[in-house]
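Hi,

Here is the structure I promised to pass on. Please open it and keep it beside you while you read my notes below.

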Amino acid sequence: MTQYVGAIDQGTTSTRFMVFDHGGNVVARHQLEHEQIMPQAGWVEHNPDEIWERTRTVIKSALAGAGLTASDLTAVGVTNQRETTIVWNRRTGRPYYNAIVWQDTRTDRIIAELEKAGHGEFIRRKAGLPPTPYFSGGKLKWILDNVPGVREDAEQGNALFGTPDSWLIWNLTGGVRGGVHSTDPTNASRTMLMDLETLDWDPELLRIFGIPRAMLPAIAPSSNPAGFGSTNPDGPFKGAVTIAGVLGDQQAATVGQVCFRPGEAKNTYGTGNFLMLNTGTDIVHSQHGLLTTVAYQFGDEKPVYALEGSIAVTGSAVQWLRDQLGIISGASQMETLAGQVTDTGGVYFVPAFSGLFAPYWRPDARGAIVGLSRYSNNAHLARATLESICYQTRDVVEAMQRDSGVQLETLRVDGGVTANELAMQIQADFLGVPVSRPMVAETTALGAAYAAGLAVGFWNNTDELVANWHEDKRWQPTWSQEQRERGYARWLKAVSRTLDWVDIDDD
């Protein structure tokens, strides 16, 4: 009987379930969006119950559509939006509060107070992360400090914390009836609470943030032969399947792009952009605004680390044009509209809606459109939006090359925006290197499947995964170096206009 591996991909705007065969080909898939809740400026939330409901639905729909059952799956992997923070009650299974999304900036005062107290350098050294509102630790502290009853329940062991992977695993494995409370090092490394060297929760970091250890999940290898538990037969799989792989979404894309050698890099174009460079078993602390993170840990092997450049707003800027401004009716219209003009007419759009992430780390920044004239129209703004995605990527590439000393030769890309061929050509022109898209562009789910399949022997080693990778299309740069540098200088000038816009009250 032919066997497959399933993957749950719980993302910022949607949840999907996909099934892959041994060649890494898609056998089944179903996807549903969930609501983006924005109670006030800078706050972004999701409903954890809605995410769980969407997860159940996409699993059942994908399996039914392909005529598959739980018995056809050798294992299941889970990948997720990483820093998004959920706290729920162990006894009732009910969330105390909405999930606070990674884009949310409400914790800027908490982070400023940590820096003011002198904790910033310790957090950078231990966790590999600059203290910013992006990461889970500040969001968890906010919930503990602001939602009645959570801290008391947490100290008694009844309030559980997790990123969406932990929330889904707990529910899939039984929930209030013995659900497994677990995560992997890639997700744990995004909390500001884990020691990068020991891959365990650090007592001093927990003290700094005021987090009771009892509410934190156990940390197990990303590809885990022992498994993260089996799915409850009463759940959406209607049978017991081992959950054998867990990876944060960008690390999953790195695995899906088979970047297993030090120096190999990928860039994922989703709600935000995330460029990750494999640094092997060495922890490389960035001097140029990048993050040091765990790329993956397979079984009892040493963890593999990475440098990452995280960009908050890229694909979501396209959504903003659709939902807030009404300039386009859908993402597919973006390329046609932007292609109506050959340049932006001098317009630059810096979408710093949640501040600026790598390499700037400026929570005080806010979005700006500069260079407008009476000549400017909606096509110029559409093209400027695509250029903003590509300029932000160049910002990160510049920092990554300074940190690693490695000159980028080819950029492997994946994610929804890669379907926009104009955007990929702009990216090649801005970087001056070829841009390569694989046959399976949505590599996040594939990476989670790979982690699960490796754990149970569905794939024997990473060489088999590398053999599965095939290029779909390559874009060659067409700009001269002079064009490239002139445009980038103006981009940097536009970025400078977004800074110091929000005053963060330290008092």
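The crossing of helices α1 and α6 is right-handed. Keep in mind that this is a predicted model. Helix α1 covers residues 48-66, and helix α6 covers residues 164-172. Two packed helices are described by the angle between their axes and the distance between the axes. For α1 and α6, the angle is about 60° and the axes are 11 Å apart. That angle makes α1 oblique to α6.

Which residues make the contact between α1 and α6? From α1 come P48, D49, I51, W52, T55 and I59. From α6 come W167, L168, N171 and L172. Sorted by class, the residues of this contact are seven nonpolar, two polar and one charged.

The largest pocket holds about 890 Å³ of space. It has 38 lining residues. Closest to its centre are Y269, G270, T271, G416 and V417. Which element gives the most to the lining of the largest pocket? That is α10, with five residues. By class, the lining of the largest pocket has ten nonpolar, 20 polar and eight charged residues.

The second largest pocket has a volume of about 520 Å³. Its lining has 21 residues. Nearest its centre lie M38, Q103, S316, Q324 and F353. Here α10 again gives the most to the lining, now with six residues. The classes in this lining are seven nonpolar, eleven polar and three charged.

Now the cavities. How many of 30 Å³ or more does a search of the whole structure find? The search finds four. The largest cavity has a volume of about 80 Å³. It is lined by 14 residues. T132, P133, S354, F357 and P363 are the closest to its centre. In this lining, seven residues are nonpolar, five polar and two charged.

The second largest cavity has a volume of about 60 Å³. Its lining is made up of I311, A312, L356, F357, A358, Y360, Q392 and D395. By class, that is six nonpolar, one polar and one charged.

Where is P359? P359 is found in the loop between β18 (348-350) and β19 (368-370).

One more backbone detail concerns K238. This residue has a positive phi of about 55°, although it is not a glycine. K238 sits in the loop between β12 (218-219) and β13 (243-248).

To go through it yourself, begin with α1 and α6 and their right-handed crossing. Then find α10, which lines the largest pocket and the second largest pocket.

Best wishes

Notes:
Residues are numbered from 1 along each chain as its sequence is written. This is a predicted model: local features need pLDDT of at least 70, side-chain atom pairs count only at pLDDT 80 or more; totals for chains, interfaces and linings use all residues. Side-chain values use heavy atoms; hydrogens and water are left out. Axes are lines fitted to C-alpha atoms, for helices over the stretch in contact, and angles run from 0 to 180 degrees between N-to-C directions. Helices (H or I, at least four residues) and strands (E, at least two) are DSSP runs, numbered from the N terminus. Angles under 35 degrees count as roughly parallel, over 145 as roughly antiparallel, 65 to 115 as roughly perpendicular and the rest as oblique. A crossing is left-handed if the near helix is turned anticlockwise from the far one by less than a right angle, and right-handed if clockwise. Contact means heavy atoms within 4.5 Å. Ala, Val, Leu, Ile, Met, Phe, Trp, Tyr, Cys and Pro count as nonpolar, Asp, Glu, Lys and Arg as charged, and the others, Gly among them, as polar. On a 1 Å grid over the protein atoms alone, a cavity is a set of points where a 1.4 Å probe fits but cannot get out, and a pocket is an open set with protein on both sides within 12 Å along at least five of seven lines; lining residues have an atom within 4 Å of a point. Grid points are joined across faces, edges and corners, and a volume is the space filled by probe spheres set on the points.
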